[in-house]
Amino acid sequence: MTPNYKNPELSIKERVEDLLSRMTVEEKVAQMTQVSVNMVSADEADVYAEKGIGSFLHSLGDTTRRLKQIASNTRLGIPLIFGIDAIHGHSLHNGCTMYPSQLGVSCSWDEEKIHEMGKITAREAAEEGLHWLFSPVLCVGRDLRWGRIDETFGEDPYLIGELGYSIIRGYQSENLAAACAKHYLGYGESVGARDSYDSQISDRKIRECFLPPFKRAVEAESMTFMVGYESIDGLPMSANRKFLRDVLKDELGFAGFSVTDWCNIEGLHARQFVANDLRDASKIAVEAGNDMSMNSLGFMEHVIDMAKSGELDMKYIDDSVRRILAVKFKLGLFDGIEQRIPHGCTACEEHITACKALTDECPVLLENNGILPLGSKYKKIAVIGPNADNVKAQYGDWTYFSHPDANPNAVPKEELYTMLRGMKTVFSDAEVRYTRGCDVMDPTDQNIKEAVALANDSDVVVAVLGDCLDQNGESKDRCNLEITGAQLDLLKQLKATGKPVVVILVNGKPLCIGEVRDNCDALLETFNSGAYGGLSAAKILRGDCNPEGKLTISFPRNAGQIPVYYNQYAGWHSNPKTGGYCDCPPDALYPFGYGLSYNNYTYANMQVSKTSVTPDDTIEVSVDITNNGGRDGNEIVQLYVNDKVSSVCTPVKQLRGFQRAFIKAGQTITVTIPLSVSDLWIVNREEEYIVEAGEFELMIGKSSLDRDLLTQTIRCTETRRLSSSC
Ligand code: BGC
């Protein structure tokens with residue numbers, strides 16, 4: 001007779017309970033175990049599969065099929081789930097639809113297209129038999145020295161939450177893959193931006209700033225979460241029962257399962273020294289609420305032993321296994337998910353068209369003295385710079401070039417456009433010539449003379465500068481954010497030719513670019529823009545495409561100024577509005593929300609539907625926007641709030657709504673953004689989410705800069721503790 005757990009007619013709960021009741025302790029703990037195929041030999045991987053472990057990660061190609069086969073022959077035939085770091089497209093697969101990095105796509109503020117990116121990524125990973133995507137990164141990117149800034153959606157918790165929500169929904173939209181919200185919690189905020197180190201933040205601060213994006217991930221029904229490497233105020237997150245069990249599972253109601261980050265459990269004793277040995281560490285981690293262990297080899301044996309001896313309560317193990325099995329049932333791994341996979345979809349035309357459309361929206365125009373768009377008037381174009389024809393710098397971290405099994409010599413199978421190829425393609429009626437000019441890092445490696453000669457013999461110079469893979473990505477924290485190597489020297493000498501100079505930046509994160517700004521006529525930031533970045537940038541330069549991106553992260557003037565995020569508290573002796581450092585202004589060189597267009601949008605007539613409100617109300621904030629330019633375009637409209645007087649300090653402004661508004665050339669439209677008064681919450685000293693009575697400033701406009709915002713005040717007449725978390 002077919003066992004109940006194999007019967008798709010039954011509910012997931014019934015199937016899970018039936019299966020659980022048939023499992024031995026060994027089989028249960030095996031489900032809580034994940035191993036990377038790169039960490040063990042093929043034979044060892046087979047043995048793990050025979051033991052019925054729950055998951056492998058980083059398996060590509062035939063290995064996956066082999067291991068699946070072995071799992072299907074185990075006593076209960078519980079399917080494996082394969083995890084993969086598909087963080088900008090299925091980017092470890094050579095030949096995928098290669099999207100820009102998360103930071104890159106965040107600058108589009110386009111929830112729909114980011115949702116589609118999720119859907120496409122899930123399809124392409126599923127085509128390879130992988131149904132679990134270790135994405136999105138919901139870390140708040142506030143310390144720009146941190147190596148993983150490129151993986152974030154920027155610096156604003158609200159925007160991160162909204163874009164995270166969209167991509168999670170996208171990943172899971174066809175039920176081909178589970179998303180994994182990571183790295184829970186406060187990982188990017190470590191002291192000195194030292195990756196995987198201690199974050200000295202309070203639990204109140206966590207609730208105010210770092211938890212909200214993860215709360216949105218729970219609302220998006222992210223099937224899994226990844227527990228970060230960091231400790232918070234000395235307590236490793238893998239041992240943090242309060243935030244793993246009490247807050248995530250009980251308070252927020254997360255129904256999926258959590259996986260540790262790489263060797264986190266081993267790290268409890270080998271790196272963070274809060275456990276005597278792996279056995280002790282495994283106990284701490286399971287009790288704290290980690291459901292699956294990534295790569296701490298030996299975890300399985302210790303936990304089986306402790307469960308049998310009664311040292312570890314079976315209730316924790318049963319809870320974890322229930323969660324893991326539920327995700328496997330939900331995805332249909334028991335019920336022939338293979339039949340639902342759209343075979344032949346990887347890098348298909350539909351996916352590439354969608355990727356190109358999103359990539360077009362991402363570049364942010366930071367400066368333009370009128371030189372752009374170039375149109376067709378320049379016949380001789382010099383493309384110069386170390387990142388002009390540098391696919392690795394353009395892709396950034398987490399592709400087959402870099403992680404986890406680096407193959408720096410890989411030859412991309414996907415069609416791709418470096419900046420140079422993009423320029424040659426888009427300016428096909430001009431003579432586009434190239435020289436590298438210098439290396440990104442090594443100041444002695446340069447051919448500036450040749451570059452200057454080329455510039456002198458051209459009508460316009462496009463200089464492509466930035467950073468490279470050695471300066472960007474996991475384990476690549478920086479203390480210096482200046483432009484490196486001979487790049488500035490190159491730029492200055494190009495500028496000295498008197499030719500117009502347009503700079504394109506290809507880099508993983510905001511760098512200190514004051515001198516770049518001072519030595520160019522226009523400046524376009526593209527971050528890590530994926531396979532079509534070169535095409536999009538060239539289209540923008542020519543004017544075939546309007547620049548529409550806006551920054552989701554602030555640019556510092558100087559690394560010593562960090563943090564420079566826009567949502568700071570007031571109260572610095574040198575008040576942000578009036579003062580600053582004695583040797584540097586307080587504000588960003590380019591702030592959150594900033595970005596130029598070829599159109600000029602003017603804002604007028606801000607209206608608020610109600611000015612005396614209670615926490616039950618949802619009001620409408622509207623504004624008239626006129627497109628004074630000559631092109632139809634999308635303007636990213638931003639709504640900020642400020643609690644004028646509250647029981648704890650609150651940020652001078654915080655994003656609470658936004659809209660990409662399409663406005664035809666010459667037209668005026670009214671944009672309306674709804675605002676729930678409950679979204680005016682703060683976290684008080686008791687760690688409660690509360691709306692406090694009093695006045696709130698609402699600000700609407702084109703960036704987070706005061707000069708770009710219209711303001712109205714509303715009054716909330718009631719104080720209310722919120723029942724849900726935020
Ligand atoms: C990273 C995670 C990643 C994991 C698996 C870790 O080093 O922190 O983001 O998902 O490795 O590759």
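Visitor: What makes the charged end of R421 count as sitting over the ring of Y417?

Guide: In this predicted model, the charged end of R421 is 4.1 Å from the centre of the Y417 ring, and because the cut-off for CZ of Arg is within 6 Å of the ring centre and within 35 degrees of the ring normal, the contact is listed as a charge over a ring. K392 is placed likewise over the face of F401, at 5.7 Å from the ring centre.

Visitor: How do you know whether Y184 and F225 are buried or exposed?

Guide: Buried means under 20% relative accessible area, and because Y184 has 1% and F225 also has 1%, both residues count as buried.

Visitor: Which residues form one aromatic cluster?

Guide: The cluster is made of W109, Y158, Y566, F592, Y640 and F658. Y158 also lies, with P157, P212, R656 and W681, nearest the centre of the second largest pocket, which is lined by 26 residues and has a volume of about 440 Å³.

Visitor: What makes up the lining of the second largest pocket by residue class?

Guide: The lining divides into twelve nonpolar, four polar and ten charged residues, and its largest share, eight residues, comes from α8.

Conventions: Residues numbered from 1 in each chain as written. Predicted model: local features only at pLDDT ≥ 70, side-chain atom pairs only at ≥ 80, totals over all residues. Heavy atoms only, no water. 1 Å grid on protein atoms, 1.4 Å probe; cavity = no way out; pocket = protein on both sides within 12 Å on 5 of 7 lines; lining within 4 Å. Points joined across faces, edges and corners; volume = space filled by probe spheres on them. Helix = DSSP H or I, 4+ residues; strand = E, 2+ residues; numbered from the N terminus. Nonpolar A, V, L, I, M, F, W, Y, C, P; charged D, E, K, R; others polar. Buried < 20%, exposed > 50% of the residue type's maximum accessible area, 1.4 Å probe, protein only. Phe/Tyr/Trp six-rings, centres within 6.5 Å; stacked < 30°, edge-to-face > 60°.
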